[in-house]
Amino acid sequence: MHSIFKFFSIFSILLLASCSGQMSLQEYFVAHQEDADFITADIPLSLLDLADKVGEVSAQEKEAFSRIRKINFLALPIQKTTEARLAAEKQQLKAILSDDAYETLMRFTISGSNVVISTKGSGDAIDEVIIWGADATRGIAVARVLGDDIQPEHIATLAQAAQQKGGPLSGLENIIQNL
């Protein structure tokens with residue numbers, strides 16, 4: 001009996017030691033939901049006014065949007081934080097997204113903000129698209145676009161839709177501005 005106890009004790013210690021101490025992006029979102037410095041929102045796709053734009057939405061956009069369930073949004077505005085905390089949160093996001101589970105699709109700068117688009121999933125079965133950015137004058141923001149079997153061409157379609165002023169994603173901009 002004593003040897004069985006030793007075996008399970010050693011096995012448990014090895015199991016715990018092999019677990020990663022790295023926080024997942026979902027855990028990061030949950031950990032910051034109650035933080036008064038952060039702005040958070042869970043946005044179902046139904047709130048993006050796609051029904052009002054039926055004539056304006058192409059078949060490709062309809063297909064891309066049909067794969068999305070919701071968008072989780074989290075931001076730390078510069079007005080509500082210190083420079084040190086902003087840097088620490090940025091480093092933590094970089095560490096989370098450097099995990100092998102995430103694949104960086106592109107990095108670019110837009111209006112002075114550094115933006116990174118990453119995916120979680122494989123090939124044509126992407127279940128999460130992560131868009132995050134940092135700006136020294138505005139803060140940091142991260143959005144998790146959650147869906148089922150999102151394909152790379154859907155991501156390109158959604159990116160194009162996001163760039164259209166008054167396009168199918170303009171409802172998202174209105175929601176974020178009114179948080």
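Colleague: Asp 99: how accessible is this residue, buried, partly exposed or exposed?

Modeller: Asp 99 counts as partly exposed, because its relative accessibility is 33%. Bear in mind that this is a predicted model.

Colleague: Where does Asp 99 sit in the fold?

Modeller: In the loop between helix 4 (83-97) and strand 3 (102-110).

Colleague: And how far is Asp 99 from Ser 24?

Modeller: In sequence, 75 residues. In space, C-alpha to C-alpha, 8.9 Å.

Colleague: Step back a moment. How many helices and strands does the chain have?

Modeller: Six helices and six strands. Along the sequence they run α-α-β-α-β-α-β-β-β-β-α-α. Of the 179 residues, 36% are buried.

Colleague: Now Asp 135. Which strand is it in, and is it buried or exposed?

Modeller: Asp 135 lies in strand 5 (residues 125-135). Asp 135 is buried, because its relative accessible area is 8% and the cut-off for buried is under 20%.

Colleague: What does the Asp 135 side chain contact?

Modeller: The side chain of Thr 137, through a polar contact of 2.6 Å. The Asp 135 side chain also reaches the backbone nitrogen of Arg 138 at 3.2 Å. Then there is a salt bridge between Arg 138 and Asp 135, with the closest N and O atoms 3.3 Å apart.

Colleague: How accessible is Arg 138?

Modeller: Partly exposed, since its relative accessible area is 48%.

Colleague: Why would side chains like these pair up?

Modeller: Side chains of opposite charge can pair when their charged atoms come close.

Colleague: How many salt bridges does the structure hold?

Modeller: Seven. One of them joins Glu 89 and Arg 85, with closest N and O atoms at 3.4 Å. Both residues lie in helix 4, four residues apart, about one turn of the helix.

Colleague: Glu 89 and Arg 85, buried or partly exposed?

Modeller: Glu 89 is buried, at 7% relative accessibility. Arg 85 is partly exposed, at 24%.

Colleague: Which residues are linked in a network with them?

Modeller: Asp 35 and Asp 37 join Arg 85 and Glu 89 in a network of salt bridges.

Colleague: What about Arg 67: which residue does it bridge to?

Modeller: Glu 63, with the closest N and O atoms 2.8 Å apart. Arg 67 is partly exposed at 22%. Glu 63 is partly exposed at 33%.

Colleague: Last topic, the surface. Which residues form the negative patch?

Modeller: Asp 124, Asp 127, Asp 149 and Glu 153. Asp 149 is in strand 6 (residues 139-150). Its relative accessibility is 39%, so Asp 149 counts as partly exposed.

Methods
Residues are numbered from 1 along each chain as its sequence is written. This is a predicted model: local features need pLDDT of at least 70, side-chain atom pairs count only at pLDDT 80 or more; totals for chains, interfaces and linings use all residues. Side-chain values use heavy atoms; hydrogens and water are left out. Patches are made of residues with over 30% relative accessible area and no salt bridge: like charges are joined within 9 Å, nonpolar side chains (Val, Leu, Ile, Met, Phe, Trp, Tyr) within 5 Å. Accessible areas come from the Shrake-Rupley method with a 1.4 Å probe; for residues, only the protein chains shown count as cover. A salt bridge is a side-chain nitrogen of Lys or Arg within 4 Å of a carboxyl oxygen of Asp or Glu. Lys and Arg count as positive and Asp and Glu as negative; His and the chain ends are not counted. The place of a charge is taken as NZ of Lys, CZ of Arg, CG of Asp or CD of Glu. Helices (H or I, at least four residues) and strands (E, at least two) are DSSP runs, numbered from the N terminus. Buried means under 20% relative accessible area, exposed over 50%, partly exposed in between (1.4 Å probe, protein chains only). A polar contact is a pair of N or O atoms within 3.5 Å; within protein, one must be able to donate a hydrogen and the other to accept it, and residues adjacent in sequence count only if both atoms are side-chain atoms.
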